[in-house]
Amino acid sequence: TYGEGPLCYLLAVDGFRFLLDCGWTDHCDPALLQPLARVAPTIDAVLLSHPDMMHLGALPYAIKHLGLSAPVYATEPVYRLGLLTMYDYFLSRWQVADFDLFSLDDIDAAFQNVARLKYSQNHLLKDKGEGIVIAPHVSGHLLGGTVWKITKDGEDVVYAVDFNHRKERHLNGTTLGSFVRPAVLITDAYNALNNQVYKRQQDQDFIDSMVKVLSGGGSVLLPVDTAGRVLELLLTMEQYWAQRHLVYPIYFLTNVSTSTVDFVKSFLEWMSDSISKSFEHTRDNAFLLRHVSLIINKEELEKLGDAPKVVLASMSSLEVGFSHDIFVEMANEAKNLVLFTEKGQFGTLARMLQVDPPPKAVKVTMSKRVPLVGDELKAYEEEQERIKKEEVLKASLSKEKELKASHESNAKASDPMVVDASLSRKSSNAGSHVGGNVDILIDGFVSPATSIAPMFPFFENTADWDDFGEVINPDDYMMKQDEVDNNMMLGVGDGMDGKLDEGSARLLLDSAPSKVISNELTVQVKCSLAYMDFEGRSDGRSVKSVIAHVAPLKLVLVHGSAEATEHLKMHCAKNSDLHVYAPQLEETIDVTSDLCAYKVQLSEKLMSNVISKKLGEHEIAWVDAGVGKADEKLSLVPPSSIPAAHNSVLVGDLKLADFKQFLANKGLQVEFAGGALRCGEYITVRKIGDSNQKGSTGSQQIVIEGPLCEDYYKIRELLYSQFFLL
């Protein structure tokens, strides 16, 4: 079957294996990762496209447990915001369960070696990936979101999931439309059946629905992600609150909310042109939020009581996190509203509440971490003391064994202290027997085999040495607990350069023994439930248009429901000559190019007779050559016979608007009429053919229409001057 689950795909390019995303659901079920476990050790590189759980949530687990050790590539925002997303998820889980699938250290370890690239930066892989170039491009969905282009031997494979062609408040639209006929386009069918309303109308409906509830004395809960689409929501609410002079409080509540906004403030160059230009002129950062309060616990909300407010809380699935607890509190009041801005994951509480009609009651599990007290605390301390004694005893026995081995080794290695056994026996025969001991001192003595300190109770602190010098005892360098606490308060999580929220750090530093208590509740859903699409993806009509414009040779559809995938597959197959593939889960397909590419060298003898002409930053030339071999490599060599004359070729890309200006500068009267260029009274210059076809496969031509007159030949000569003739 097809699926809308986490994104994780394996792509092999000439034996080099890419892992495209490494997503996981909020349930974190290891059974979902069984297919990945089978191939993880063989993966050569990981490409991350977006900073959310559905695209990178399984990365720490895969590295820790599945043997994934390949280098990881991402943009700077995907790295930073992805790290915060994983921190927030771990802290949300840790507060309600003994979560042991991965830790904060595992998250840091997974992200510390991520290679960060800029948009349009070509990165040449090495060793096994020699000849492969990867480059991230704008996806328009999330901050730092990426469309990956993988190039090998002149052919492009484009991985473009969750892209958005529309420009938003904080993001530019995708650059996918600028790609020219890639060999393979991998994209998703997630939104193939959806059509969006106008952005302005959508924003107004969004604000109006909240204001209606707030003015009636209710509160609004928006379950959101940690650092993804929530950024667009924050700017939308910030703008309308200022325009309408609204005074209702807005709270952004996650375990890392302040860190999220702090980092986002430094990513202006990754945002929309309007935000960048505004900052250049006014030095006003769009994410200096004046109407939104950033909080990392529920204490601020509890102070307000039932007062109207808007709360944006993680997680969007309602499975864990602050949103789960706040939903339980708000659900019993009919005046409140739970507003979903993205489709919930399958099997989650959010998805259950989005069905039509919604359930009148739901069962939820309420969990919290509480300190141990009374007998439980006493039993815990006794158990810890017993474990500590066992460790001390084990360490003592181990050290005693090491010292014994060390003394025996020293005794055998030191010549003056070792007595030959036969010499000892001869000496004992010549001397007197004392107490039955036949060994006597000559130049030294032989200690009993069971002896540790044969002379007197003194333990020599002998140091062990290896090839790098003296072996270090880590215990000598252990920090005291108060030093650890002070350092941790500066910032837990090495990957964030000391920017984890202070409250979250304090939560982790609370070393008091604790346990998780849980109880199941049946919650009556009396509050209003609504869904508005703020997912930031291109709708079905736009996806079809983009695919037609890019015109790939082969199309691979992933990540969509069965209905949406089949719909888009049938549309593309019917309206174009594309080879369309729609693999099901765990299915392998072969999209090998029908073209054969060869690497050839240009011989010096051939190039010495080539006359090049400069075209922009490049030089071009017509070459007639034959193919030969030199040092077991293909090489282009001069032809063995005189080549036949070739037809003239005009090289260039003329824009009619530029040509209009050029003719006007030459004193000709020229204007646009019906999409063509009207020159003087009789001559018309137009482009004909399919404007969607680009590059060498295109069929566009420039045609001069009109009678053969002086203007005709003059304009033709000026037109030819805009091209290179080969």
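Which residue does arginine 169 meet in a salt bridge through its side chain? In this predicted model, the partner is aspartate 203, with N and O 2.8 Å apart. Arginine 169 sits in the loop between strand 9 (155–160) and strand 10 (184–188), while aspartate 203 belongs to helix 6 (residues 199–215), so the contact ties together parts of the chain that lie 34 residues apart in sequence. Arginine 169 has a relative accessible area of 18% and is therefore buried, given that the cut-off for this class is under 20%. Aspartate 203, at 2% relative accessibility, is likewise counted as buried.

Aspartate 203 also takes part in a salt bridge with lysine 199, here with an N to O distance of 3.6 Å. Lysine 199 and aspartate 203 are both buried.

Elsewhere in the chain, a salt bridge joins glutamate 705 and arginine 686, whose closest N and O atoms are 3.2 Å apart. This pair connects distant parts of the chain, with glutamate 705 in strand 32 (residues 701–705) and arginine 686 in strand 31 (residues 683–688), 19 residues apart. Both partners are partly exposed: glutamate 705 has a relative accessible area of 34%, and arginine 686 has a relative accessibility of 27%. For the model, the count comes to 26 salt bridges, and the pairs described here are among them.

Notes
Residues numbered from 1 in each chain as written. Predicted model: local features only at pLDDT ≥ 70, side-chain atom pairs only at ≥ 80, totals over all residues. Heavy atoms only, no water. Salt bridge = Lys/Arg side-chain N within 4 Å of Asp/Glu carboxyl O. Helix = DSSP H or I, 4+ residues; strand = E, 2+ residues; numbered from the N terminus. Buried < 20%, exposed > 50% of the residue type's maximum accessible area, 1.4 Å probe, protein only.
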